[in-house]
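These are my notebook entries on what I looked up in this structure. I took the chains one at a time.

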Amino acid sequence: MANEVVDLGRRRFLTTTTSVVGGVGVVAAVVPFIKSWEPSARAKAAGAPVTQSLKKIESGQQLIVAWRSLPVFIVNRTPSQLDALPKQDSRLVDPGSNGASADQQPKYAQNQTRSIKPEWLVMVGICTHLGCVPNYVGEMKPEPFDPNWQGGYYCPCHHSRYDMAGRVYQGVPAPKNMVIPPYHFVDDTTVQIGVDPQGAA
Amino acid sequence: MIKRYISLFALAFGLMLGAAAVIAQESPALPAAGNNLRDVASLRRGAHIFFNYCVGCHSLKYMRYERIADDLGLTEDDVMNNLNFTGAKFGDPVISHMPADDAQKFFGKAPPDLSLEVSAKGADWVFAYLNSFYLDPKSPIGWNNTVLPNAAMPFPLWELQGVQVPVMAPAKPGDDPQIEKLSLLHPGTLTPEQYQQAARDVTNFLEYVSEPAALQRRSYGIWVVLFLLGFTFLAYLLKKEYWKDVH
Amino acid sequence: MANVFSNIGEWVTDRAPGLMPVYRKHMTEYYAPKNFNIWYYFGSLALLVLVNQIVTGIFLTMNYDPSASGAFDSVQYIMRDVEWGWLIRYMHTTGASLFFVVIYLHMFRGIIYGSYQKPRELVWLLGMLIFLVLMAEAFMGYVLPWGNMSFWGAKVIVSLFGTIPVIGKDLVEWIMGDFLPADATLNRFFALHVIALPLVLLLLVVLHLAALHEVGSNNPDGVDVKHGPKGNRWDPTKPADGIPFHPYYTVKDLVGVGLFLAIAAFIIFFQPTFGGWFLEHDNSIPANNLVTPAQIKPVWYFTAFYAIVRMIPSALGTAVWGVLGMFGAIVLLFLMPWIDAGKVRSIRYRGTGFKVALTLFVLAFFGLMLIGTDSTAELIPMFFGANVDVTAIENLFGRVMVLIYFGFFVFLWLYTHLGWEKTKPVPERVTTHD
């Protein structure tokens with residue numbers, strides 16, 4: 001039988017060291033598995049910038065293009081739609097997009113029209129409530145959901161409403177304005193979604 | 001105790017060496033390609049030749065332009081201006097422009113995708129293949145190859161290598177004459193040494209294409225193995241400490 | 001902090017009083033003989049590889065496409081486009097081959113120390129079942145990448161069932177769900193590989209361990225420590241030559257695990273195809289039902305059994321004999337506890353006849369592997385010159401190996417049942433430990 005004195009200190013030290021080193025190894029081994037869930041090269045390639053010609057979008061029309069599998073609304077807003085924007089401010093949650101919605105657009109689109117050029121709205125068409133795609137209701141006429149409708153977006157899922165700049169109205173479930181993606185104008189009639197304008201970070 | 005671990009390790013190591021020996025003599029007939037995946041300059045030269053001479057017919061359908069740029073240290077502009085002549089997007093895979101039907105008509109079979117050529121055939125084979133084209137009046141395409149007889153591919157690099165013709169070995173009566181070696185009839189724009197290097201570069205590039213992860217795994221591997229050996233040593237100390245109880 | 005843990009422990013023990021005894025029974029109060037040597041690492045290593053296969057396998061299914069049109073592309077997608085997908089796949093493919101390395105060594109350990117003898121027959125039978133299921137699991141996994149070797153491997157192995165008289169042809173079509181390996185085959189093999197067989201494997205592993213812990217581990221001396229003197233420093237009623245599995249064998253196995261992982265990592269990071277042995281070159285070509293690969297052979301771990309099929313000629317108009325021979329080679333291993341009626345367990349105290357026979361048996365196994373891997377086609381001209389009839393020499397050599405393989409079992413039965421074996425005296429207590 002063992003009568004020699006066991007060096008408990010050394011034993012504890014070695015147990016701790018081995019456990020820590022082994023633990024580090026396990027954590028390091030877990031990292032590749034977690035990383036394997038990130039978007040793959042194929043998904044990233046599909047999420048590459050999208051270039052879209054604006055020539056065929058008439059005034060008041062909306063075109064939907066896919067960018068990173070997301071629907072992106074490109075709208076050629078009419079002058080009357082643009083005129084209506086400032087008048088909505090009192091009914092909106094964050095009209096200046098500098099409160100709750102401060103991160104919903106790049107700096108260069110943080111303005112009244114939420115765009116680079118006033119008439120062109122480029123926006124990720126995903127409701128900020130639970131991710132449905134809102135319907136484009138561009139005509140300014142009384143609607144069942146709003147007798148004073150000035151054009152905008154109406155989400156079929158939980159009836160959230162946005163104006164023609166994607167700014168959310170008060171009293172609906174959606175908390176924030178819809179997202180403006182990074183984009184820039186390659187030339188007067190071509191827009192590229194996914195890339196900031198030169199000089200803007 | 002420690003002796004036994006050493007002997008286990010020696011056993012494992014010996015098995016590995018044995019396996020390596022078997023690996024090494026797998027295709028004894030072919031000379032070694034001698035390419036080196038770590039030689040990025042060679043990979044770039046190989047890519048350049050591939051995209052100027054090969055991609056007209058052969059796709060690399062599993063290889064994205066963007067990945068080539070990342071791994072070979074090229075910028076997007078380098079790749080899009082100097083390698084990508086098909087108008088594909090930066091993130092797209094390398095797809096040849098040749099319609100499959102045309103290829104079928106011209107060559108009798110569609111040119112194979114080369115993404116996994118080196119995985120399937122080995123680097124030495126590809127290197128030897130690129131060195132072994134010769135003029136053959138009996139072939140419908142005018143070319144033949146000693147490594148892959150009756151290859152359906154006309155020799156795309158003849159401008160570089162020049163034109164080779166076969167030298168026949170003296171045949172015994174009744175036997176078909178066998179090709180002894182190939183000799184250069186017309187020199188190409190490259191000297192034989194330069195052409196060897198070019199063929200090696202293409203082979204190198206195709207080996208990279210067949211497994212792009214090879215570049216990463218070797219650089220990680222050494223640290224993983226060292227870490228595990230360190231862990232083993234600690235575990236060994238721990239075991240010795242606990243086993244002081246056992247008599 | 002320690003307080004929190006002990007409180008949680010008490011909380012659990014209050015509600016599930018049976019858990020702690022289970023832990024004690026299998027870990028801290030499982031008294032294993034103190035003289036385990038190097039051969040005793042492979043059990044815990046097999047468990048480690050099983051866990052590795054399950055975890056990496058689950059992650060592979062997340063990106064794999066089990067269809068004839070998409071499988072091959074999806075494997076390349078994993079290798080190139082998925083972040084770290086190459087590592088996860090190489091861990092799985094290397095793990096598959098190392099699984100068999102470990103299992104073969106584990107089985108060999110059982111044979112040299114007589115671990116299948118009474119009272120451990122059930123442990124051995126369950127282990128052999130694990131081996132059988134593992135072979136099916138590995139074969140189906142090998143088909144999934146849908147390369148040309150996958151396709152033709154599937155075709156050849158499934159065709160083995162076609163040699164069964166009368167029902168063979170229908171059986172083959174039933175297994176494949178088509179007239180060649182096709183989408184239906186791939187889909188059902190995928191389902192079996194990722195869920196059905198792993199569940200069976202896990203169940204068998206649990207039973208294998210439960211059965212072992214009922215009777216206790218054997219050891220290199222083949223001494224029954226349970227029947228030896230009692231009393232050790234942990235418990236006066238427990239075997240004197242036993243030590244608690246935890247912590248003594250857990251820390252010891254940790255050393256084996258570290259070394260094993262270092263070797264595995266070396267392969268994964270530097271030689272993942274292992275020169276075409278773990279991942280075959282021809283499997284880089286997509287499945288092609290019109291062209292058979294130049295060398296069609298199974299992965300290395302099946303080759304010994306596969307060679308038996310090749311070495312036994314057809315007779316009476318049927319090829320079933322070769323297939324019977326192959327299955328017979330495995331069935332005989334199942335029957336080891338009854339074929340071997342040796343008076344002692346460990347090779348240390350067995351007669352010379354056993355040692356010679358076992359050596360020949362191992363050589364025959366390797367010889368059959370040489371044939372099954374087609375290495376003989378290269379080796380024979382190297383030894384006998386280029387102008388010999390390779391097939392004739394190979395057949396002669398192979399049939400001698402087959403005879404030795406089966407002869408081992410016949411000899412062992414005669415040797416032990418007829419009392420020819422002269423054994424050495426077995427000590428009362430275990431002799432050595434480190």
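How many bridges join strand 3 of chain A to strand 4 of chain A? I counted five bridges between strand 3 (residues 70-76) and strand 4, and the two run antiparallel.

**Conventions.** I am working with a predicted model, in which local features need pLDDT of at least 70 and side-chain atom pairs count only at pLDDT 80 or more, while totals for chains, interfaces and linings use all residues. Residues are numbered from 1 along each chain as its sequence is written, and chains are lettered from A and ligands numbered from 1 in the order in which they are written.

**Chain A, strands.** Helices (H or I, at least four residues) and strands (E, at least two) are DSSP runs numbered from the N terminus, and two strands pair if DSSP finds at least two bridges between them. I noted that Phe73(A) stands opposite Met123(A) in strand 4 of chain A. Four of the five residues of strand 4 (residues 120-124) are buried, so this strand is largely enclosed by the rest of the structure. I call a residue buried if 20 or more other C-beta atoms, placed from the backbone, lie within 10 Å of its own.

**Chain A, helix 1.** This helix (residues 8-35) has 28 residues and reaches 40 Å from its first C-alpha to its last, close to the 40 Å expected at 1.5 Å a residue. The expected span is 1.5 Å times one less than the number of residues. Two of the 28 residues are buried, so helix 1 of chain A lies largely in the open.

**Chain A, record.** I consulted the unreviewed UniProt entry, which annotates residues 12-34 of chain A as "transmembrane region"; such annotations may be inferred rather than shown by experiment, and positions follow the numbering used here, with feature names shortened. Over residues 12-34 I find 100% helix and 0% strand, with the end C-alpha atoms 32 Å apart. The unreviewed UniProt entry also gives "domain: Rieske" for residues 87-192 of chain A. That span is 1% helix and 20% strand, and its end C-alpha atoms lie 30 Å apart.

**Chain B.** I listed ten helices and six strands. Of its 247 residues, 30% count as buried.

**Chain B against chain C.** I found 33 residues of chain B in contact with 33 residues of chain C, contact being C-beta atoms, placed from the backbone, within 7 Å. On the chain B side, helix 1 (2-24), helix 6 (117-121) and helix 10 (213-242) each supply at least two residues. Helix 10 of chain B gives the most, with 16 residues. This side divides into 23 nonpolar, four polar and six charged residues. Here Ala, Val, Leu, Ile, Met, Phe, Trp, Tyr, Cys and Pro count as nonpolar, Asp, Glu, Lys and Arg as charged, and the others, Gly among them, as polar.

**Chain C, helix 14.** The 21 residues of this helix (residues 352-372) should span 30 Å at 1.5 Å a residue, which agrees with the 30 Å between its end C-alpha atoms. Its buried residues include Phe354(C), Ala364(C) and Leu368(C). The buried residues pack against helix 11 (303-311), helix 15 (375-384) and helix 16 (390-417) of chain C. Just after helix 14, Asp374(C) takes a positive phi of about 70 degrees.

**Chain C, Leu144(C).** I located Leu144(C) in the loop between helix 6 (121-143) and helix 7 (148-160) of chain C. Is Leu144(C) buried or exposed? Leu144(C) is buried, because 22 other C-beta atoms lie within 10 Å. Leaving aside residues up to four places away in sequence, Leu144(C) touches Ala71(C), Ser150(C), Phe189(C), Phe190(C) and His193(C).

Conventions
Two residues are in contact if their C-beta atoms, placed from the backbone, lie within 7 Å. A residue is buried if 20 or more other C-beta atoms lie within 10 Å of its own, exposed if 12 or fewer, and partly exposed in between; C-beta atoms are placed from the backbone.
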